[in-house]
Amino acid sequence: MGHSAKPSPHRAGPAANAADAAAAAPAVQAVQAVQNTQAFEQALAHFTPRLPLAVAFSGGADSTALLLACWRRWPQQVAAIHVHHGLQQAADDFASFCRDFCAQHGIALQIEHCDARPGSGQSPEDAARQARYAALARGAAALRLQQGWPQQPDIALAHHADDQVETLLLALSRGAGLPGLAAMPTSWQRQGLHWHRPLLAVPGAQLRQWLQAQGQGWVDDPSNTDVRYTRNRIRQQLLPVLEQAFPGFRQTFARSSAHAAQAQQILQELAEQDLRHMGAPPAIGALQQLSAARQANALRHWLWHSHATVASAAQLQELQRQIMACTTRGHAIDLRLGRGRVQRQGQHLLWIE
Ligand SMILES: Nc1ncnc2c1ncn2[C@@H]1O[C@H](COP(=O)(O)OP(=O)(O)OP(=O)(O)O)[C@@H](O)[C@H]1O
């Protein structure tokens, strides 16, 4: 959640969100409310994290719904972490909403401050995301100490189906490969922490309806409607049109992402196998034995997993051209790539930062 503008509190009650409730007749609304509750509750029923659990709580509708539902399901074993994006004054208002909500329900809350200023060449969104994830990890460690838990809590984020579609469309607009088309994973582990996104199949409007049905308010972030951000343009301008053309697009797009994620998993396993066979750094002769697509897959994997760098499509193509042309002892390879260079050293490739 960007905190650049003054947040607006969303009052509780079924009539609070006029946009979501639209102009539907009361009977239709009642049927929708039942269906919507089912969709959300189904997602929750399938959610089986290790306990204790910490919910990443921004104060927005989605994470308020997730926190409330998780706390009801596992009372005493659920806490919240709020990341205070210290730079904007509005951040205080989000934090105080979170404080009040947690005090009211007796939920332990850890507030972590973070500095989300972008480094050089980094987008503000990226900087905010990275700082937030690092702050959430610190929050989990702090909660463990504070609560005397035997292990760090798992962390749940409230990204939902609309967020997933936006991520997929952004990836398509950048010409991303399978890792991008796979969009956001439902769960992953990093540095001993288990992360979850249990709501990826639940449309955002349904989450808000569930929350309203509970009589629970939340805080709206006005920067979410700022159409200078691509994500907001997708949400406001593109999704309504998609809804008309393909009413089931959230489910079908999510299915495509799941297929892409599965295919990407296989590619990753293949690259690991190939690199085990070739040695590290990879042997040029062994690379030459692979098909062009398999060679590109192995190179991408080597560059990212060993050197945390990504080659552009043009750089990778040039590297592959040089590898295939490397047929004599004296043939040199030297190419700027990602944040460094790739050179030939004897029979192998060499990465230099
Ligand atoms: N400041 C924050 N503190 C803790 N968690 C956050 C914060 N901002 C975002 N998150 C987590 O990341 C998820 C996705 O963030 P995003 O910015 O897309 O949503 P949001 O606009 O904050 O709204 P919401 O809380 O309704 O999801 C949130 O649902 C929440 O779980």
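# Strands, a buried aspartate and model confidence

Reader: Why are β9 and strand β10 (residues 340-345) said to pair?

Author: β9 and β10 are linked in the antiparallel sense over 4 bridges. Two strands pair if DSSP finds at least two bridges between them, so the 4 bridges meet that criterion.

Reader: What makes β9 and β11 edge strands?

Author: The sheet is open and has 3 strands in the order β9-β10-β11, with antiparallel pairing. β9 (334-337) and β11 (348-352) each have a single partner strand, so one side of each is left without a neighbour in the sheet. Neighbouring strands of this sheet are turned by 25 degrees against each other on average, direction ignored.

Reader: Which helix lies across β9 and β10?

Author: Helix α13 (residues 313-325) does, running at about 165 degrees to β9. Axes are lines fitted to C-alpha atoms, for helices over the stretch in contact, and angles run from 0 to 180 degrees between N-to-C directions.

Reader: Why is Asp-62 called buried?

Author: Asp-62 has 23 other C-beta atoms within 10 Å. A residue is buried if 20 or more other C-beta atoms lie within 10 Å of its own, exposed if 12 or fewer, and partly exposed in between, with C-beta atoms placed from the backbone; Asp-62 is therefore buried.

Reader: Where does Asp-62 lie, and which residues does Asp-62 contact?

Author: Asp-62 belongs to helix α3 (residues 61-73). Leaving aside neighbours within four places in sequence, Asp-62 is in contact (C-beta atoms, placed from the backbone, within 7 Å) with Ala-158, His-160, Leu-199, Gly-204 and Leu-207.

Reader: What is the confidence of the chain, and where is the pLDDT below 50?

Author: The chain averages a pLDDT (the predictor's confidence in each residue, from 0 to 100) of 88, and 89% of the residues score at least 70. Over residues 1-5 the pLDDT is below 50, and the pLDDT is also below 50 over residues 13-31. Where pLDDT is low, the predicted coordinates should not be read in detail.

Definitions and conventions: Residues are numbered from 1 along each chain as its sequence is written. This is a predicted model: local features need pLDDT of at least 70, side-chain atom pairs count only at pLDDT 80 or more; totals for chains, interfaces and linings use all residues. Helices (H or I, at least four residues) and strands (E, at least two) are DSSP runs, numbered from the N terminus. Two residues are in contact if their C-beta atoms, placed from the backbone, lie within 7 Å.
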